[in-house]
Protein chains: 2
Amino acid sequence: MTGHGPRLTPLAASLPADVPFVGPEVQERDLGRAFRARIGANESAFGPSPGAIAAHGAAAAEMWKYPEATNHALRHALAEHMGAAPDQVIVGGGIDGLLGTLVRLTVTQGDAVVTSDGAYPTFNYHVTGFGGDLHKVPFRDDREDLPALMARAAETDAKLVYLSNPDNPMGSWYDGATIEAALDAIPDGTLLVLDEAYVEFAPAGTAPRIDPEDPRVIRMRTFSKAYGMAGARVGYATGARGLIRAFDKVRDHFGMARPSQEAALAALADQGWLTEVIARTDAAKARIAAIAQDAGLAPLPSATNFVAIDCGGDGRFARAVLQSLIARGVFVRMPFRPPQDRCIRIGAGLPDELDVLAAELPAALADARESSTA
Amino acid sequence: MTGHGPRLTPLAASLPADVPFVGPEVQERDLGRAFRARIGANESAFGPSPGAIAAHGAAAAEMWKYPEATNHALRHALAEHMGAAPDQVIVGGGIDGLLGTLVRLTVTQGDAVVTSDGAYPTFNYHVTGFGGDLHKVPFRDDREDLPALMARAAETDAKLVYLSNPDNPMGSWYDGATIEAALDAIPDGTLLVLDEAYVEFAPAGTAPRIDPEDPRVIRMRTFSKAYGMAGARVGYATGARGLIRAFDKVRDHFGMARPSQEAALAALADQGWLTEVIARTDAAKARIAAIAQDAGLAPLPSATNFVAIDCGGDGRFARAVLQSLIARGVFVRMPFRPPQDRCIRIGAGLPDELDVLAAELPAALADARESSTA
């Protein structure tokens with residue numbers, strides 16, 4: 001029996017066993033101690049609405065019941081929130097889960113998909129996982145290059161073109177009117193995957209006005225960021241009925257935890273909490289920018305809950321800063337691709353976490369300078 | 001833009017937008033009232049361990065953090081529980097989620113898969129969803145027909161052969177030794193998918209002794225049944241390292257809700273609660289059997305948390321009984337295929353739910369007899 005390996009599909013056999021991200025808990029196990037500041041995963045340390053925690057707790061008593069597979073109450077509330085009809089809304093396991101299902105529905109081996117080089121790796125993971133051909137467009141001026149993305153989609157007859165607005169990992173953004181105008185240049189048969197994970201943090205006017213029935217776009221949002229519920233795994237998408245209905249063909253209908261659904265419903269109802277979180281996030285971002293400037297570094301403008309900080313050198317230098325911060329107990333991440341990898345990415349943490357950052361960043365910079373001249 | 005439909009893959013376009021099951025909440029909305037007895041989804045009304053509820057509540061404070069993507073603590077605890085190594089264990093979103101990932105890894109268009117006609121529909125949903133060719137073997141004596149399944153797998157060069165032991169929807173089972181012996185007849189290249197969702201309820205000796213590294217089998221278990229956590233979506237599988245590692249190629253790494261992981265870890269540690277749930281379940285099953293006999297019907301032996309009751313007629317008659325029970329506020333389900341569809345399937349509910357069943361079953365039978373002679 002030992003010679004009898006798993007008979008995977010050719011596609012599955014060809015895939016690496018890669019993880020899109022290494023989580024902070026894994027790094028903590030490797031380091032042998034807990035991070036002093038967890039400001040690397042774009043989470044909201046301000047947490048969810050107290051009402052969401054209460055609803056989550058109340059749902060625990062019904063944990064023995066299977067989840068409500070149609071996500072009826074949440075989907076209806078989201079429809080109202082988004083100015084859509086309930087059958088133009090699909091709920092799923094975070095944007096990660098929704099991206100996976102969307103790619104499965106639309107991309108088969110050899111299909112072209114366009115994204116930015118250095119944009120969200122989990123999208124790429126799903127495209128590769130279903131055999132799609134990824135075409136990557138460089139960032140331009142630290143933004144995803146919307147005109148170039150559309151042009152590449154036309155050249156490649158892409159099934160999907162991915163845009164996160166605001167962008168991760170740079171925090172840059174387009175105003176909504178620019179996206180509305182760009183849609184007129186989208187090729188026939190290409191669907192814009194508009195990832196709005198951070199849109200609640202962005203200036204007014206960042207979200208484009210799009211008819212939910214517009215067949216050229218699917219927009220995705222999440223409870224993982226401003227709503228402070230990354231651990232609950234709730235995201236949603238709005239789009240044309242025919243596309244939204246297609247999710248029911250393949251999705252894991254009973255897949256969303258029952259307490260997560262209840263918590264999301266309560267979180268959505270507490271827009272006051274959201275306003276408070278955004279204010280606290282803005283204050284934290286201002287402090288991160290000041291800490292960077294005090295250390296002689298340049299913070300980039302951000303419409304998200306993190307700040308990209310230009311470390312003033314190349315990718316190797318920024319990586320040395322990052323590694324020193326991690327060794328000093330500060331969990332942060334950085335962009336993957338040059339020239340964006342000259343930056344490190346710092347999340348809007350709690351005041352005591354930013355105290356740690358303020359104390360350690362100058363030392364980490366000194367470490368990096370020392371190692372680069374060594 | 002209205003003529004621009006979603007450009008699905010040919011496979012996705014060919015799939016129906018079917019839901020494997022209609023949940024009780026949807027039926028309640030259609031009926032306009034809540035069920036008086038929720039004994040149709042093989043849930044455990046006895047609920048999870050109080051320790052699991054406490055751990056779930058404690059984790060709510062950390063809901064803002066992404067889940068731990070390697071499921072480290074839970075996977076290690078499960079490995080010890082199963083006599084396996086941690087890298088022989090994978091955790092996923094219930095058996096449903098694990099079956100979906102397994103099928104994705106192994107089945108592509110035209111690949112043969114063998115199951116029983118009338119066995120778990122969600123497995124079939126995944127196979128169809130990835131383009132597999134399902135070959136269905138009839139039940140024999142109200143059991144999944146193990147020798148015929150193995151023979152059909154050999155005939156079709158099946159990638160997967162599915163067996164639930166104990167079985168849903170009939171509650172029947174094989175002893176472990178029979179499964180161990182049957183494995184010697186499994187064709188080269190066929191993987192036995194052993195669904196042990198109900199095994200905690202079964203007599204000693206029902207679980208076969210299988211080396212986790214045996215490449216012929218993947219076994220799947222869940223916290224949805226005896227552990228009373230269907231709403232938390234936690235399942236696990238053990239298998240050979242090469243196969244388990246392949247899950248990392250495509251799974252949604254951050255997909256399991258953080259509180260669900262914590263609750264599962266606490267539930268696993270409270271085996272005393274499990275013993276109590278099994279005793280209460282046995283008592284409920286004995287009462288269901290007595291209620292059936294009092295109504296002149298024949299309960300079938302069951303190694304699960306439900307009892308199949310032979311209604312003494314054909315599928316149409318049993319469906320009439322079921323529909324009358326539902327109209328009377330009793331949520332139950334029934335097998336899909338003849339001759340198993342002569343039965344209805346009743347879950348081990350709380351005493352007051354079984355009181356409702358005892359009161360309504362004779363009336364439902366009378367309704368069904370009246371409609372069948374009308």
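How many residues of chain A are in contact with how many residues of chain B? In this predicted model, 84 residues of chain A are in contact with 84 residues of chain B, where contact means heavy atoms within 4.5 Å.

Residues are numbered from 1 along each chain as its sequence is written, while chains are lettered from A and ligands numbered from 1 in the order in which they are written. Local features need pLDDT of at least 70, side-chain atom pairs count only at pLDDT 80 or more, and totals for chains, interfaces and linings use all residues, with side-chain values using heavy atoms and leaving out hydrogens and water.

**The interface of chain A and chain B**

- The size of an interface is often given as the accessible area lost when the parts come together.
- Chain A and chain B bury about 7100 Å² between them, with 62% of it on carbon and sulfur atoms; buried area is the accessible area (1.4 Å probe) that two parts lose on being put together, summed over both.
- Of the area that chain A buries against chain B, 12% is supplied by Arg7(A), Trp64(A) and Tyr66(A), which is more than any other three residues supply.
- Six salt bridges are found across the interface of chain A and chain B, a salt bridge being a side-chain nitrogen of Lys or Arg within 4 Å of a carboxyl oxygen of Asp or Glu.
- Arg7(A) forms a salt bridge with Asp157(B), and the closest N and O atoms of this pair are 3.1 Å apart.
- Between chain A and chain B there are 48 residue pairs in polar contact, both residues being at pLDDT 80 or more; a polar contact is a pair of N or O atoms within 3.5 Å, and within protein one must be able to donate a hydrogen and the other to accept it, while residues adjacent in sequence count only if both atoms are side-chain atoms.
- The elements giving two or more residues to the side of chain A that touches chain B include α1 (10–14), α3 (50–60), α9 (241–250) and α10 (258–269) of chain A, where helices (H or I, at least four residues) and strands (E, at least two) are DSSP runs numbered from the N terminus.
- With seven residues, α9(A) gives the most to the side of chain A that touches chain B.
- That side of chain A is made up of 38 nonpolar, 22 polar and 24 charged residues, with Ala, Val, Leu, Ile, Met, Phe, Trp, Tyr, Cys and Pro counted as nonpolar, Asp, Glu, Lys and Arg as charged, and the others, Gly among them, as polar.

- The same surface serves both copies, since 100% of the contact residues of chain A recur in chain B.

**The two domains of chain A**

- Chain A is divided into domain 1 (10–47 + 272–373) and domain 2 (64–270), with bounds that come from an automatic or database domain assignment.
- The centres of domain 1 and domain 2 of chain A, taken over C-alpha atoms, are separated by 25 Å.
- The contact between these domains takes 30 residues from domain 1 of chain A and 31 residues from domain 2 of chain A.
- Domain 1 and domain 2 of chain A bury about 2600 Å² between them, 63% of it on carbon and sulfur atoms.
- Two salt bridges are found across the interface of the domains of chain A, and the side chains of Arg337(A) and Asp117(A) meet in a salt bridge at 2.8 Å, N to O.

**Backbone features of chain A**

- Most residues other than glycine have a negative phi, and most peptide bonds are trans.
- A cis peptide bond with omega of about -5° joins Asn165(A) and Pro166(A), and another, with omega of about 20°, joins Asn168(A) and Pro169(A).
- Pro166(A) is found in the loop between β5 (160–164) and α8 (176–183) of chain A, and Pro169(A) also has its place in the loop between β5 and α8.
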